[in-house]
Amino acid sequence: MITCTKCGEKNSDDTLYCTRCKKKLQSSHRSSAQGQQQPEPLRTFKHEGVPVDAWRSIMRMVEAWAYVLVLAGVAVGCAYTKTWWPMYPAVGLLGLLIWFRQV
Ligand SMILES: [Zn+2]
């Protein structure tokens with residue numbers, strides 16, 4: 001059910017124009033067939049943030065990569081020595097670290 005913003009007439013969902021005043025109706029659900037109201041893609045990073053925030057996000061990304069590299073290093077070391085037990089504390093420790101950083 002779509003309520004007309006101009007006259008308040010209630011129209012069914014598939015109606016494009018108000019049955020009373022012929023005003024174009026704003027559908028509550030996005031219709032891909034129309035493609036007129038393209039929703040803006042969700043922004044993962046705030047562009048309008050202050051430089052400190054940008055720096056922090058960069059540092060966080062560097063940190064995340066450092067974790068990945070450490071984990072990759074441990075994995076390579078494990079594969080080389082054929083001993084896999086160091087993987088468990090390494091993964092656990094890194095998981096804990098990442099979890100701590102994101103809280
Ligand atoms: Zn209307």
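Here is a walk through the structure, from its overall layout to a few individual residues.

Keep in mind as you look around that this is a predicted model. Its mean pLDDT is 80, and 76% of the residues reach at least 70. Among the helices and strands, strand 2 (residues 10–11) comes out highest in confidence at 93, while helix 2 (residues 87–102) comes out lowest, with a mean of 84.

The layout is quick to learn. There are two helices and two strands, and starting at the N terminus they follow the order β-β-α-α. The protein has 103 residues, of which 3% count as buried. If you take the contacts between residues at least 6 apart in sequence, 12% of them join residues at least 24 apart.

Let us turn to the helices. Helix 1 covers residues 51–81. With its 31 residues, helix 1 reaches 45 Å from first C-alpha to last, close to the 45 Å expected at 1.5 Å a residue. Helix 2 has 16 residues, and its end C-alpha atoms lie 22 Å apart, which agrees with the 22 Å that it should span at 1.5 Å a residue. Are these helices buried or in the open? A residue needs 20 or more other C-beta atoms within 10 Å to count as buried. In helix 1 the number of buried residues is zero, so helix 1 lies largely in the open.

How do the two helices meet? Their axes come within 10 Å and cross at roughly 175°. Angles over 145 degrees count as roughly antiparallel, and therefore helix 1 is roughly antiparallel to helix 2. On the helix 1 side, the contact is made by Glu-63, Tyr-67, Val-70, Leu-71, Val-74, Ala-75 and Cys-78. Helix 2 contributes Met-87, Ala-90, Val-91, Leu-94, Leu-97, Ile-98 and Arg-101. By type, these residues divide into twelve nonpolar, no polar and two charged.

The C-alpha atoms of Ala-90 and Leu-71 are separated by 7.0 Å, although the two are 19 residues apart along the chain. Ala-90 is partly exposed, because 17 other C-beta atoms lie within 10 Å. Also in helix 2 is Gly-95, which counts as exposed because it has 12 C-beta neighbours inside 10 Å. The C-alpha of Gly-95 is 9.2 Å from that of Tyr-67, a residue 28 places away along the chain.

Most residues other than glycine have a negative phi. Lys-82, which follows helix 1, has a positive phi near 60°. Lys-82 sits in the loop between helix 1 and helix 2 and is exposed, with 6 other C-beta atoms within 10 Å. Lys-22 has a positive phi too, near 65°. Its place is in the loop between strand 2 and helix 1, and with 11 C-beta neighbours inside 10 Å, Lys-22 counts as exposed.

Notes. Residues numbered from 1 in each chain as written. Predicted model: local features only at pLDDT ≥ 70, side-chain atom pairs only at ≥ 80, totals over all residues. pLDDT = per-residue confidence, 0-100. Helix = DSSP H or I, 4+ residues; strand = E, 2+ residues; numbered from the N terminus. Contact = placed C-beta atoms within 7 Å. Axes fitted to C-alpha atoms, helices over the stretch in contact; angles between N-to-C directions. Parallel < 35°, antiparallel > 145°, perpendicular 65-115°, else oblique. Nonpolar A, V, L, I, M, F, W, Y, C, P; charged D, E, K, R; others polar. Expected span 1.5 Å × (residues − 1).
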